[in-house]
Amino acid sequence: MSERTLILVKPDGVRRGVVGEVISRIERKGLKLVALELQNLARETAEAHYAEHADKPFFGELVEFITGGPLVALVAEGPNAIKAFRQLAGATNPVEAVPGSIRGDFALEIGENIVHGSDSPESAEREIKIFFPELG
Ligand code: DAT
Ligand code: MG
């Protein structure tokens, strides 16, 4: 069954110039782009997006990082889109992400791991509304 997922190329990915590379991998996998936009996040938007981590010690740093420059937000669609992109992204900690995955190929530190992908249908629905209210 087709589903949608919210993907971010985070500010480190934009800075590093790997937006095209990430989008290319999404397209090669067979996922379809349904929305795509360069955005500068307001603090409140970042806090809403990462609300599940509000109590974590790294929350402040995470919000600083994600608001620290432009990011590319996109919605991709296809069968198993959520799992499929999490697989392309690789493990959260880039040193545990396998080579061949986005984080495994392009990142070294957990705080700068290039991409975000929704982790469940509920998260995807919530996150798509935050970044693309018109798709809600
Ligand atoms: P994911 O992005 O793989 O869904 P997550 O939801 O657990 O991972 O965490 C969200 C982001 O927060 C993650 O991409 C990077 C950052 N993060 C997670 N754990 C961290 C930690 N222990 N120290 C610093 N940043 C962390
Ligand atoms: Mg997550």
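User: How far is an oxygen atom of ligand 1 from an N or O atom in the side chain of Arg 86?

Analyst: Bear in mind that this is a predicted model. A polar contact needs a pair of N or O atoms within 3.5 Å. The Arg 86 side chain meets that with an oxygen atom of ligand 1, and the distance is 2.8 Å.

User: Which residue has a polar side-chain atom 2.5 Å from an oxygen atom of ligand 1?

Analyst: Two side chains can be set aside. His 53 has an N or O atom 2.9 Å from a ligand oxygen, and for Arg 86 the value is 2.8 Å. The residue at 2.5 Å is Thr 92.

User: How much of the accessible area of ligand 1 does the protein cover?

Analyst: On its own, ligand 1 has 510 Å² of accessible area. The ligand sits in the largest pocket.

User: How many residues of the shell around ligand 1 are charged?

Analyst: The surrounding residues include Lys 10, Arg 86 and Arg 103. Others are Tyr 50, Phe 58, Leu 62 and Ile 110, along with His 53, Thr 92 and Asn 113. The shell divides into 4 nonpolar and 3 polar residues, and the charged ones number 3.

User: How many bridges join strand β1 to strand β3?

Analyst: Strand β1 spans residues 2-9 and β3 spans residues 71-79. They run antiparallel. Arg 4 stands opposite Glu 77 in β3. The bridges joining β1 to β3 number 8.

User: Which residue in β4 is the bridge partner of Leu 8?

Analyst: Strand β4 covers residues 115-117. It is joined to β1 by 3 bridges, and the two run antiparallel. The partner of Leu 8 in β4 is His 116.

How values were computed: Residues are numbered from 1 along each chain as its sequence is written. Chains are lettered from A and ligands numbered from 1 in the order in which they are written. This is a predicted model: local features need pLDDT of at least 70, side-chain atom pairs count only at pLDDT 80 or more; totals for chains, interfaces and linings use all residues. Side-chain values use heavy atoms; hydrogens and water are left out. A residue is near a molecule or strand if one of its heavy atoms lies within 4 Å of it. A polar contact is a pair of N or O atoms within 3.5 Å; within protein, one must be able to donate a hydrogen and the other to accept it, and residues adjacent in sequence count only if both atoms are side-chain atoms. Accessible areas come from the Shrake-Rupley method with a 1.4 Å probe; for residues, only the protein chains shown count as cover. On a 1 Å grid over the protein atoms alone, a cavity is a set of points where a 1.4 Å probe fits but cannot get out, and a pocket is an open set with protein on both sides within 12 Å along at least five of seven lines; lining residues have an atom within 4 Å of a point. A molecule sits in a cavity or pocket if more than half of its atoms lie within 2 Å of its grid points. Ala, Val, Leu, Ile, Met, Phe, Trp, Tyr, Cys and Pro count as nonpolar, Asp, Glu, Lys and Arg as charged, and the others, Gly among them, as polar. Two strands pair if DSSP finds at least two bridges between them. Helices (H or I, at least four residues) and strands (E, at least two) are DSSP runs, numbered from the N terminus.
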